[in-house]
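Here are my notes on the model you sent.

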Amino acid sequence: RRLPALRRRCDIAGKRLSGTGLAAEGRVLRAVLYVYHSRLLRHRPYLALQQVEQCLKRLWKMNLVGCIETLAELIPKKNTSQAHAECLVPSQPMLETVALKVLGSCKLILRLLDCCCKAFLLSVQHLCSEEFILMNTVASGLLSRLWFVIQYRCVLQSLMSLYGTLSTSLHLVSETQQMPYIKGFTFPSDISDFLGVNVSSEVKKQKARMLTTKKPTHWLKKLFPTVPETASEVGKKRNVATCVSAVKNCSIPQPADIGEPVL
């Protein structure tokens, strides 16, 4: 009875981990680090970006998606209706390996979210000081997207749900046939105890810090001045009509010499 639920959890976690969002943001992050490597070696937001990239690199090197897909392939697709029917189930070493990788990936994703939050705050802080405006603007947008991609696609929540089903299946398989593979480590029954923090409250704190931080709008207003609020709609329409008629009536000028000023 546990096998269909385990297979369903594996499919959900695999799809959310292998989505295009995480991979795309990872490629953009590597490109940004490559471009600014020689100029910002000791810049604090750049060093924080390196920590984010290191967490992403470790997450991909775990090959968690491949392990989850292998586990899903070992689970039979057809459900047996008989109560005492025999079927092949994943072995205890396979379940222990995937469970251990899921525990490590959840810990790593928590660290990734924390690094994204800290790097975002540093980028906005230096952006308010008008330091490396282009790089910090790109970094702040990239980090906020990466943080919200993980939260919006519920990557961490799907892995925690997968571990709950894995833990139950591992307990049942180990009772049937003892084949311990990972020794010296006790798998926790509740993943929240292993993580040591309340995931929902921690994420809410990070979100509040990112949304309530000071926005660097004063230099943006200098670059893009806003339209005065006192202008009426009639005036706007009249200006638009004047501009359109001027464009229609204007003639194409002759190409001027490069050395002569063009008005």
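1. Ground rules. Contact here means heavy atoms within 4.5 Å. This is a predicted model, where local features need pLDDT of at least 70, side-chain atom pairs count only at pLDDT 80 or more, and totals for chains, interfaces and linings use all residues. Residues are numbered from 1 along each chain as its sequence is written, and side-chain values use heavy atoms, with hydrogens and water left out.

2. Overall fold. The protein has 11 helices and 0 strands. Helices (H or I, at least four residues) and strands (E, at least two) are DSSP runs, numbered from the N terminus. Of the 263 residues, 40% count as buried. Buried means under 20% relative accessible area, exposed over 50%, and partly exposed in between, with a 1.4 Å probe and protein chains only. Take contacts between residues at least 6 apart in sequence: 86% of them join residues at least 24 apart.

3. The core. The largest nonpolar core has 71 residues. Such a core is a set of buried Ala, Val, Leu, Ile, Met, Phe, Trp, Tyr and Cys residues joined through side-chain atoms within 4.5 Å. Val52, Ile68, Val102, Leu159 and Leu166 have the most contacts inside this core. Helix α5 (residues 92-128) gives the largest share of the core, 21 residues. In soluble globular proteins, nonpolar side chains tend to be buried together.

4. Valine 52. What does valine 52 touch, leaving aside neighbours within four places in sequence? Its contacts are Leu29, Leu112, Cys115, Cys116, Ala119, Leu143 and Leu146.

5. Leucine 95. This residue is in helix α5. Leucine 95 counts as buried because its relative accessibility is 1%. Apart from neighbours within four places in sequence, leucine 95 contacts Leu6, Leu71, Pro90, Leu166, Ser169, Leu170 and Val173. Isoleucine 68 lies 27 residues away from leucine 95 in sequence, with 9.9 Å from C-alpha to C-alpha.

6. Glutamate 96. Not counting residues up to four places away in sequence, glutamate 96 touches Leu170, Pro180, Tyr181, Ile182 and Phe187.

7. Second largest pocket. About 190 Å³ of space lies in it. The search runs on a 1 Å grid over the protein atoms alone; a pocket is an open set of points where a 1.4 Å probe fits, with protein on both sides within 12 Å along at least five of seven lines, and lining residues have an atom within 4 Å of a point. Grid points are joined across faces, edges and corners, and the volume is the space filled by probe spheres set on the points.

8. Lining of that pocket. Glu96 is one of the lining residues, and others include Gln92, Tyr163, Leu170, His171, Phe185 and Phe187. Helices α5 and α7 (155-176) each supply at least two lining residues. The largest share, 5 residues, comes from α7. By class, the lining has 5 nonpolar, 6 polar and 1 charged residues. Ala, Val, Leu, Ile, Met, Phe, Trp, Tyr, Cys and Pro count as nonpolar, Asp, Glu, Lys and Arg as charged, and the others, Gly among them, as polar.

9. Aromatic pair. How many aromatic pairs does a search of the whole structure find? It finds 1. Tryptophan 147 and phenylalanine 148 form this pair, edge-to-face, at 5.0 Å centre to centre and 80° between the planes. Rings of Phe, Tyr and Trp (its six-membered ring) pair if their centres lie within 6.5 Å; planes under 30 degrees apart count as stacked, over 60 as edge-to-face and the rest as tilted. Tryptophan 147 is buried at 1% relative accessible area, whereas phenylalanine 148 is partly exposed at 34%.

10. Backbone check. Asparagine 63 has a phi near 55°, a positive value in a residue other than glycine. Most residues other than glycine have a negative phi. Asparagine 63 sits in the loop between α3 (44-61) and α4 (64-74). Asparagine 63 counts as partly exposed because its relative accessibility is 45%.

11. Arginine 1 is in the segment before α1 (2-17). Arginine 1 is exposed, with a relative accessible area of 93%. Serine 169 is 168 residues from arginine 1 along the chain, and their C-alpha atoms are separated by 10.0 Å.
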